[in-house]
Amino acid sequence: MSSPTLNESKPKVWRRIRSLRTDGAPASEGLDERLQRLADLGFVPNERVCVLRRSWWKGGALVVQVGNATFALRDSEAACIELVA
Amino acid sequence: MSTQVIHLTRLGQRRVALVGNPNCGKSSLFNRLTGSQQKVANYAGVTVELKSGLMKTAQGKSITLLDLPGTYSLNPGAADEAVACQVVRGESLQEPAPDLVVAVLDATRLRRSLRLLSSLRGLGLPLVVVLNRVDSARANGLQIDVKRLEQVLGLPLVATVAVNAQGADPLRAVLDDPLVWVAQTAPVEPESDDMQSQHWMLAAGLEQDEPVDDWSLKFDAVLLHPVWGSLILVSCLFLIFQAVFAGAQAPMDAVKAAVAWLSELLAQSLPAGLLQSLLIDGVLAGVGSVLVFLPQILILFFFILVLEESGYLPRAALLLDRMMGSIGLSGRSFIPLLSSFACAIPGIMATRSIADRRDRWVTIMIAPLMTCSARLPVYALLIGAFIPAIAVGPGFQLQGLVLFGLYMLGIVSAIVVATVIKLWRGAGPAAQLMMELPDYHWPRPVDVALGLWQRALIFLRNVGGIILALTVVLWFLSSFPVAPVGFAGAPIEYSLAGRLGKVLAVVFEPIGFNWQIAVALIPGLAAREVAVSALGTVYALSDTTSSVGTALAPVIAAQWSLATGLSLLVWYVFAPQCMATLATVRRELGGWRAPALMAVYLFGMAYAASWLTYRTVVHWSA
């Protein structure tokens, strides 16, 4: 049973980050860099996150609040972020 | 006495680098500290992002201050962050390592600011910590005990409010302390930067979650809305283009009047002859006809700077991400492409923030199709001469609409080119987005004014240097050899430029260009706006009766057909009449293949589109 990920999270609900996912996510080129980059931007364990807005299109970008900062993420990027259940 | 001088010089060479997260208020702090005493590395230089300036400490000592691109960590994600990391690590080939690093912390985003600080400690350079935006943090309900934080960090720390006039004074004072210039060898605990950051926050009594900026959330509810947000974005862009034409009229008339007055003065005070001709027909007619467009260029830059400072640009990029995705790009390409509306060179350099190689290549290839400000002089001249100044509905000028149409033609062509590349080479996997949407804030007039001042200087330096030189060369080619007495046509037809133009006119005849245009296009290869000054010179010398001076528009309106005027307008949408752009592409992508490909495809499109325009208008008006 895997933990919920940010891309599946309901909008406007605050959650906490459990970890950045290294397993389960489709192994693609540059995955490690992507995880490193997410951590650098502030997607670190125990930080608060909230999906502010979803795109009207399937697979479109998400607007995500992490701590006090707002980022636009792709669905595939948000899928790397595991939440505390 | 001599020791004092050496002492001062040595101090003046002390170099301090400002390092911080993007949007931490670092650039405002830099503007506050250096005032107008700053220089932007020029377009031709290494990097447009690297600013340096002189600042004075509280005791009046001079220090060189470097403003580095914002970075989230010392693991650079894209090329622009790499610049910052290289400089602080002393790995940059262009800039020596700084003597001291000022780490700028954003008081409203302490956790991630402290993460960067933690990795900066490992560099072994003297560190001074600046806690910026303490006022915003307090307004959001976050109390920070500055003394306690300083003790916890074990580094000199000052609180600043870059927005206030005296807000940066604590930093000026602390740099007078000789102790801060000595690197501290504090034991660095072997734990991750994030652990370190959390320890610091806990020890400083800041363990609670950081409050969120409500205003930005409320604005985003509307501005990021798929319908309302897109409508606002389009209206914004449209208003800018209207303002560029309507708002610039008065200052443009003033510049024109000043040049005409100077030209009259010279005509009266100098004896008729070569010197008078050089100054009036060469220098004034040439430089004057370009200088006229300074107000329009400044208005366009004003809007771009305001949008940039307010934090709106990344939102616009997000709104367009889906659209850009359909042509094989991402929202990240929007900001470089928007910068290209001012000038393709900073736009192409801004592609360094695109991590994906394919996306970067395509963005660079279509950047010259965005209408840069150097085209404005050409467009303004031709629209003024060939499009009647009539109103079409309330608030809409036909001239403004045509200008908008030319911008749209560039954008649509870029979409077509990107789609062709996508179909031909494949789109590749979706590039990473991970783009910060910073808090909205009012652009500070000082920052906008400084940005405009730098743009104006760069433009005037071009007018004073390249354009003046080419204008004089063209005047020389257009004046010699001198036509013999009794020569039937205008003297310029006998000159070198006239003969060259007539040869080239054979190539350009199918698209409706006469030999004067062909002559002007040659120096116009150096930069687009040069073509206007070149036309000014060519026509000033073609006229056998009196000096044309700066009134170029009525002359071409009388001498060219509408088809020729429109054909030249369309030519300028596509033609890569800018050596500097091609040189920048070569430097950014390495090798001549990319710039050669760019030149061929753009000239090809220009010729085809002009031919189509010319033939259509000729057919339609016949």
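**Figure 1. Overview of chain A in a predicted model.** Among the contacts in chain A between residues at least 6 apart in sequence, 63% join residues at least 24 apart, two residues being in contact if their C-beta atoms, placed from the backbone, lie within 7 Å. The model is a predicted one, in which local features need pLDDT of at least 70 and side-chain atom pairs count only at pLDDT 80 or more, while totals for chains, interfaces and linings use all residues. Residues are numbered from 1 along each chain as its sequence is written, and chains are lettered from A and ligands numbered from 1 in the order in which they are written. Chain A holds 2 helices and 5 strands, which follow one another from the N terminus as β-α-β-β-β-α-β; helices (H or I, at least four residues) and strands (E, at least two) are DSSP runs, numbered from the N terminus. Of the 85 residues in chain A, 41% are buried, where buried stands for 20 or more other C-beta atoms within 10 Å of the residue's own, exposed for 12 or fewer, and partly exposed for the range in between, with C-beta atoms placed from the backbone.

**Figure 2. The sheet that contains strands of chain A and chain B.** An open sheet of 6 strands has the order E5(A)-E1(A)-E2(A)-E3(A)-E4(A)-E8(B), with antiparallel pairing, and two strands are taken to pair if DSSP finds at least two bridges between them. Its edge strands are strand E5 (81-83) of chain A and E8 of chain B, each of which pairs on one side only.

**Figure 3. The contact between chain A and chain B.** This contact takes 28 residues from chain A and 27 residues from chain B. On the side of chain B that touches chain A, the elements that give two or more residues are helix H4 (110-121), helix H15 (321-326) and strand E8 (435-436) of chain B. The residues of that side divide into 11 nonpolar, 5 polar and 11 charged, with Ala, Val, Leu, Ile, Met, Phe, Trp, Tyr, Cys and Pro counted as nonpolar, Asp, Glu, Lys and Arg as charged, and the others, Gly among them, as polar.

**Figure 4. Two packed helices of chain B.** Helix H19 (residues 375-386) and helix H25 (residues 552-559) of chain B pack at an angle of about 60°, with their axes 8 Å apart; axes are lines fitted to C-alpha atoms, for helices over the stretch in contact, and angles run from 0 to 180 degrees between N-to-C directions. H19(B) and H25(B) are therefore oblique to each other, since angles under 35 degrees count as roughly parallel, over 145 as roughly antiparallel, 65 to 115 as roughly perpendicular and the rest as oblique. The contact is made by Leu381(B), Gly384(B), Ala385(B) and Phe386(B) of H19(B) together with Leu552(B), Ala553(B), Ile556(B) and Ala557(B) of H25(B). These contact residues divide into 7 nonpolar, 1 polar and no charged.

**Figure 5. Lys12(A), a residue with a positive phi.** Although Lys12(A) is not a glycine, it has a positive phi of about 65°. Lys12(A) lies in the segment before E1 of chain A, and Lys12(A) is exposed, with 10 other C-beta atoms within 10 Å.
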